[in-house]
Amino acid sequence: MSVLDTLNGQAFTAFGQHVIWSDMIGNSIGLAALALGWRRSIWTWPAQFLSGVILVAAYASAHLSGGVGKQLLVIGVALWGWRQWQRGRKQAQDGSIAVRFAGWRERGLLLGGTAVGTAAVGTLFTLLPQLSWNPWPDAYIFVGTLAAMVAQARGLVEFWFAWLLVDIVGVPLAFSSGLAFSGLVYVVYLALVVWGMRDWWLRSRAAERTVLEGAAA
């Protein structure tokens, strides 16, 4: 039996749902990566990289090309994000990554890029139905995840809003695709996203006040 067969083997059954190893392990690491991102730890990126590698197998087993593509993007962006945070370390007073709200131009680029990207990928999946059995939600998650990770790499608070929008679609899609553990983890993601959003929001406002006080002095 190959490593891929083992990863896509059944771990256990709960509430009538079959949970496979790759789905469980990959999403558990992804959950840890999100928690590390909330703490602004640079180790969030290696964790996201490893999670992406394992989840490629899970999404391939469910025949969700958008999910596979999303994880390949996660792998690539994780390498870029690691480099970005290496450069930006010690920007905050506590020696970690400084966070901020995006400017209007940045928000426009994120929203516009997400909309255009989702339309393009959704059209591709529609024209080539063998790539995905649920093209538009799959495309939305594919592009939304990329937008969220780019915002995270830049230290933008909007990163959390992007993840929240991805999770809203990701939960029902995961359950309907037979990836029960992914669905359960997405629910936990929602709680972490709300908490992380609050933390980054408060930190960004505190940083702005420090800058203003310094300018006034």
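User: Is Glu158 buried or exposed?
Analyst: In this predicted model, Glu158 counts as buried, because its relative accessibility is 13%.

User: Which residue does the side chain of Glu158 meet in a salt bridge?
Analyst: Its partner is Arg107, at 2.9 Å from N to O. This pair links distant parts of the chain, with Arg107 in helix 5 and Glu158 in helix 7, 51 residues apart. Arg107 is partly exposed, with a relative accessible area of 22%.

User: How many salt bridges are found in the whole structure?
Analyst: The search finds 3 salt bridges. In one of them, the side chains of Glu106 and Arg100 meet at 2.8 Å, N to O. In another, Arg154 pairs with Glu106, and the closest N and O atoms are 3.4 Å apart.

User: What links Arg100, Glu106 and Arg154?
Analyst: Those three residues are linked in a network of salt bridges. Glu106 counts as buried at 18% relative accessibility. Arg100 is partly exposed at 35%, and Arg154 is partly exposed at 42%.

User: Changing topic: at what angle do helix 5 and helix 6 pack?
Analyst: Helix 5 (residues 104-127) and helix 6 (residues 135-153) pack at about 145°, and their axes are 8 Å apart. The crossing of helix 5 past helix 6 is right-handed.

User: Which residues meet there?
Analyst: On the helix 5 side, the residues include Leu110, Gly113, Gly117, Val121 and Phe125. From helix 6, the residues that meet helix 5 include Trp136, Tyr140, Phe142, Val143 and Ala147.

User: Where is Phe142, and is it buried or exposed?
Analyst: Phe142 is in helix 6. Its relative accessible area is 17%, so Phe142 is buried.

User: What about Ala162: buried or exposed?
Analyst: Ala162, in helix 7 (residues 158-176), is buried, with a relative accessible area of 19%. From Ala162 to Gln152 the C-alpha distance is 9.7 Å, and the two are 10 residues apart in sequence.

User: Now the surface. Which residues form the nonpolar patch?
Analyst: The patch is formed by Phe49, Leu50, Val53 and Leu79, with about 340 Å² of accessible area together. Helix 3 (residues 44-61) gives the most to the patch, with 3 residues. Phe49 is in helix 3 and counts as partly exposed, at 31% relative accessibility.

User: What is the phi of Arg40?
Analyst: The phi of Arg40 is near 60°, a positive value in a residue other than glycine. Most residues other than glycine have a negative phi. Arg40 sits in the loop between helix 2 (21-38) and helix 3, and counts as buried at 6% relative accessibility.

User: And the overall fold: how many helices and strands?
Analyst: The protein has 8 helices and 2 strands. From the N terminus on, the elements run α-β-β-α-α-α-α-α-α-α.

User: What share of the residues is buried?
Analyst: Buried residues make up 45% of the 217 residues. The accessible surface of the protein comes to about 11000 Å², and 70% of that belongs to carbon and sulfur atoms.

User: Which share of the contacts with a separation of 6 or more comes from residues 24 or more positions apart?
Analyst: Such residues account for 68% of those contacts.

Conventions. Residues are numbered from 1 along each chain as its sequence is written. This is a predicted model: local features need pLDDT of at least 70, side-chain atom pairs count only at pLDDT 80 or more; totals for chains, interfaces and linings use all residues. Side-chain values use heavy atoms; hydrogens and water are left out. Patches are made of residues with over 30% relative accessible area and no salt bridge: like charges are joined within 9 Å, nonpolar side chains (Val, Leu, Ile, Met, Phe, Trp, Tyr) within 5 Å. Accessible areas come from the Shrake-Rupley method with a 1.4 Å probe; for residues, only the protein chains shown count as cover. A salt bridge is a side-chain nitrogen of Lys or Arg within 4 Å of a carboxyl oxygen of Asp or Glu. Helices (H or I, at least four residues) and strands (E, at least two) are DSSP runs, numbered from the N terminus. Buried means under 20% relative accessible area, exposed over 50%, partly exposed in between (1.4 Å probe, protein chains only). Axes are lines fitted to C-alpha atoms, for helices over the stretch in contact, and angles run from 0 to 180 degrees between N-to-C directions. A crossing is left-handed if the near helix is turned anticlockwise from the far one by less than a right angle, and right-handed if clockwise. Contact means heavy atoms within 4.5 Å.
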